[in-house]
Amino acid sequence: MNYFPFFLLLMVLTLNIGLFNACSGAASRRAEILSSLTSDLEVASPPPATKEEAEEFLNEKAVTEKPAEPDDPEEFNYFPYDLQLDTMAYMSCENPTFFTFKAGAYFARSGLRLSEYFLQKKSSMSASALEALIKSSTKYQALPWLSYAHRNNLTTTNSSIQIPLRLYRLIGDLVATGTTRIRPGDGPIEAQISYASNIVSSIVVGLNSGGWKLALTYKGGKGNKTLHKTGGDIGVDIYGRIYTLELDEITSARLLSRYALSSISEEKRPEAPPQKTWTCPKSLRFEIRRHSENAFQPKRHYDSLPGNYRQKYPTLEAALNAKDPKERIAPPEELCPSASSTGTAVTVARQVLGSQWNINTSKKCISLKSPSNFCYTMTSQDNPAYRLANSGAECSANGGQYCPHFLSICVRKN
């Protein structure tokens with residue numbers, strides 16, 4: 001099937017930035033929580049759209065930033081900041097109300113600190129002198145951005161989201177803490193991007209082909225252009241971190257596929273080579289189940305059937321056990337009950353999802369606590385064709401049962 005026509009729908013972008021207060025004691029207890037996540041997801045088949053189709057679509061939608069004017073050589077233009085993330089998540093929902101990609105710094109070892117140049121100056125300068133030196137840089141008012149960027153020129157973006165973190169307001173704290181990374185109020189720094197469901201396949205193919213990356217960069221100065229080394233190539237010598245993502249196809253359904261993050265490689269720019277410092281463990285991959293009010297219920301379906309059927313099968317139990325598979329009513333959907341489980345996986349998932357979700361690590365599932373059905377297209381609740389396959393084991397591209405969506409999370413190991 002040719003998927004390209006579906007890629008022409010408009011891309012929907014949303015941004016959620018959370019800066020929440022949390023006690024420093026709780027943060028320090030979480031500082032080492034990610035080190036135990038070491039296993040990898042299974043490798044699955046490649047996505048349905050072709051690399052050529054994806055590149056054509058993404059190139060059509062991309063916006064290339066005009067190069068910034070070179071810095072005045074007389075100006076002091078060293079870059080002051082180093083922002084490090086520790087968590088990335090991907091959600092394969094049909095309705096992008098929540099997020100498609102989410103990136104954040106949640107734990108004590110991640111966040112913001114000074115760049116290496118100013119850390120070296122710290123040992124030989126007073127705090128007030130170092131603050132003055134930082135503020136004399138032409139780049140000290142830089143703002144961080146998260147983008148879906150092209151590998152050949154990282155200012156060519158399919159989407160670009162500003163993280164409204166005023167870095168220059170934190171200079172005093174950065175000077176005082178030195179190499180210790182900070183977050184305002186010890187809360188998370190996070191941003192998210194959402195896409196319409198019919199272009200997700202091309203986004204995934206673009207990532208898997210290596211042609212597109214997630215980029216954490218900085219903008220500022222004249223025209224708010226992407227900042228880079230003086231005299232450097234704007235597509236290469238930018239300041240920030242570049243993330244190469246790969247996703248596996250877990251299950252397939254009509255017109256849509258369900259993907260999960262399988263690997264992330266991080267590259268610090270401009271000076272560091274790529275590093276495989278991330279892990280995408282099985283414990284952080286969750287099926288997304290529906291709220292009970294939106295799930296297929298056999299009794300509700302049985303009551304909606306004509307009288308001659310109910311005469312042939314006078315009870316729901318008889319209908320559930322009918323010998324004729326064409327007449328047999330399907331069992332109820334598997335739900336995701338709330339759980340009071342603790343441990344690494346639930347702590348990481350709670351940081352990404354917030355409080356509005358049930359998270360059950362033993363069943364490896366999540367579900368909204370409210371009947372909001374944003375993840376799945378609203379359909380007749382009494383139609384067995386839209387019954388989510390239990391554990392995803394019985395879903396079919398032919399539409400026998402509806403394939404569940406997935407949330408997958410990767411974390412930085414060090």
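**Strands around β7**

I started with strand β1 (residues 63-64), which pairs with β7 in the antiparallel sense over 2 bridges. Strands here are DSSP runs of E of at least two residues, helices are runs of H or I of at least four, and both are numbered from the N terminus. Two strands count as paired if DSSP finds at least two bridges between them. I looked up Thr 64 and found Thr 156 as its bridge partner in β7.

Before going on, a note on the model: it is predicted, so I keep in mind that local features need pLDDT of at least 70 and side-chain atom pairs pLDDT 80 or more, while totals for chains, interfaces and linings use all residues. Residues are numbered from 1 along each chain as its sequence is written, and side-chain values use heavy atoms, with hydrogens and water left out.

Next I checked β6, which also pairs with β7 in the antiparallel sense, over 6 bridges. A hairpin of 2 residues joins β6 to β7, and His 150 stands opposite Asn 153 in β7.

Is β7 enclosed or open? I count 7 of its 10 residues as buried, so β7 is largely enclosed by the rest of the structure. Buried means under 20% relative accessible area, exposed over 50%, and partly exposed in between (1.4 Å probe, protein chains only).

**Rings**

I get 18 aromatic pairs. The rule takes rings of Phe, Tyr and Trp (its six-membered ring) with centres within 6.5 Å; planes under 30 degrees apart are stacked, over 60 edge-to-face, the rest tilted. Tyr 90 and Phe 101 have ring centres 5.1 Å apart and planes at 45 degrees, so I log the pair as tilted. Tyr 90 is in strand β3 (residues 87-91) and Phe 101 in strand β4 (residues 101-105), 11 residues apart. Both Tyr 90 and Phe 101 are buried.

Tyr 140 and Tyr 168 I log as edge-to-face, at 6.4 Å centre to centre and 75 degrees between the planes. Tyr 168 is partly exposed, at a relative accessible area of 27%.

I also looked for charges over rings (NZ of Lys or CZ of Arg within 6 Å of the ring centre and within 35 degrees of the ring normal). Lys 219 lies over the face of Trp 145, 4.2 Å from the ring centre. Arg 290 has its charged end over the ring of Tyr 376, 5.3 Å from the centre.

**Whole chain**

Last, I noted 10 helices and 18 strands. Of the 414 residues, 52% are buried.
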